[in-house]
Amino acid sequence: MSSRGRAGVVAGVLLVVVLTLGACAAGPNVDVSPEGLGFWWGLWHGLILPVTFIISLFTDTVTIYEVGNNGNWYNFGFVLGIALFSGPVMAGSRRR
């Protein structure tokens with residue numbers, strides 16, 4: 001393959017990667033409200049994420065993330081809850 005052909009392939013692959021990553025970018029949460037769910041609800045939703053995810057595969061009434069939250073504190077609690085659940089699970093799966 002010529003260098004011009006390789007440059008075209010590289011440009012095409014780079015374009016696909018950029019478009020794919022751009023499609024995964026988070027958008028603004030237009031439903032954020034000051035009285036929405038906060039840190040503690042985020043923590044709880046992060047802890048129960050595995051069960052909620054399985055249930056959400058079979059029903060449309062259960063979601064894994066509360067859109068009507070109060071913003072960054074809910075997000076922090078959600079991620080912390082996921083870490084608290086998955087950390088011990090992943091540490092227990094290592095062989096010694």
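How many helices and strands does the secondary structure of the chain come to? Four helices and zero strands. This is a predicted model, so local features are held to a pLDDT of at least 70 and side-chain atom pairs to 80 or more, while totals for chains, interfaces and linings use all residues. Residue numbers run from 1 along each chain as its sequence is written, and side-chain values rest on heavy atoms, with hydrogens and water left out.

**View 1. The whole chain, read from end to end.** Along the sequence the pattern is α-α-α-α. Helices here are DSSP runs of H or I with at least four residues, strands are runs of E with at least two, and numbering starts at the N terminus. Of the 96 residues, 17% count as buried; that word means under 20% relative accessible area, with exposed meaning over 50% and partly exposed anything in between (1.4 Å probe, protein chains only). The accessible surface comes to about 7600 Å², and 70% of that belongs to carbon and sulfur atoms. Areas like this one come from the Shrake-Rupley method with a 1.4 Å probe, and for residues only the protein chains shown count as cover. Take the contacts between residues at least 6 apart in sequence: 74% of them join residues at least 24 apart. A contact is a pair of heavy atoms within 4.5 Å.

**View 2. A nonpolar patch on the surface.** Trp 41, Trp 44, Leu 47, Trp 73, Phe 76, Leu 80, Leu 84 and Phe 85 make up this patch, with about 840 Å² of accessible area together. Helix H2 (39–47) and helix H4 (72–92) are the elements that give two or more residues to it, and H4 has the largest share, with five. To qualify for a patch, a residue needs over 30% relative accessible area and no salt bridge; nonpolar side chains (Val, Leu, Ile, Met, Phe, Trp, Tyr) are then joined within 5 Å, and like charges within 9 Å. A salt bridge, for the record, is a side-chain nitrogen of Lys or Arg within 4 Å of a carboxyl oxygen of Asp or Glu. Zoom in on Leu 47, in helix H2, and you have a partly exposed residue at 32% relative accessible area.

**View 3. Tyr 65 and its ring partners.** A search of the whole structure turns up seven aromatic pairs. One of them is Tyr 65 with Tyr 74: the ring centres are 5.2 Å apart and the planes sit at 75 degrees, so this pair is edge-to-face. Tyr 65 also pairs with Phe 78, again edge-to-face, because the planes are at 90 degrees, with the centres 5.2 Å apart. Tyr 65 lies in the loop between helix H3 (49–56) and H4 while Phe 78 is in helix H4, so the pair ties together parts that are 13 residues apart in sequence. For pairing, rings of Phe, Tyr and Trp (its six-membered ring) need centres within 6.5 Å; planes under 30 degrees apart are stacked, over 60 edge-to-face, and the rest tilted. Tyr 65 is partly exposed at 30%, whereas Tyr 74 is buried at 0% and Phe 78 is buried at 10%.

**View 4. An aromatic cluster.** Phe 39, Trp 40, Trp 73 and Phe 76 come together as one aromatic cluster.

**View 5. His 45 and what it touches.** His 45 is in helix H2 and counts as buried, at 16% relative accessibility. Leaving out residues up to four places away in sequence, His 45 touches Leu 37, Glu 66, Tyr 74 and Phe 78. His 45 and Tyr 74 are 29 residues apart in sequence, with 9.3 Å between their C-alpha atoms.

**View 6. Thr 63 in its loop.** Thr 63 lies in the loop between H3 and H4 and counts as exposed, at 52% relative accessibility. Thr 52 is eleven residues away from Thr 63 in sequence and 7.0 Å away in space, C-alpha to C-alpha.
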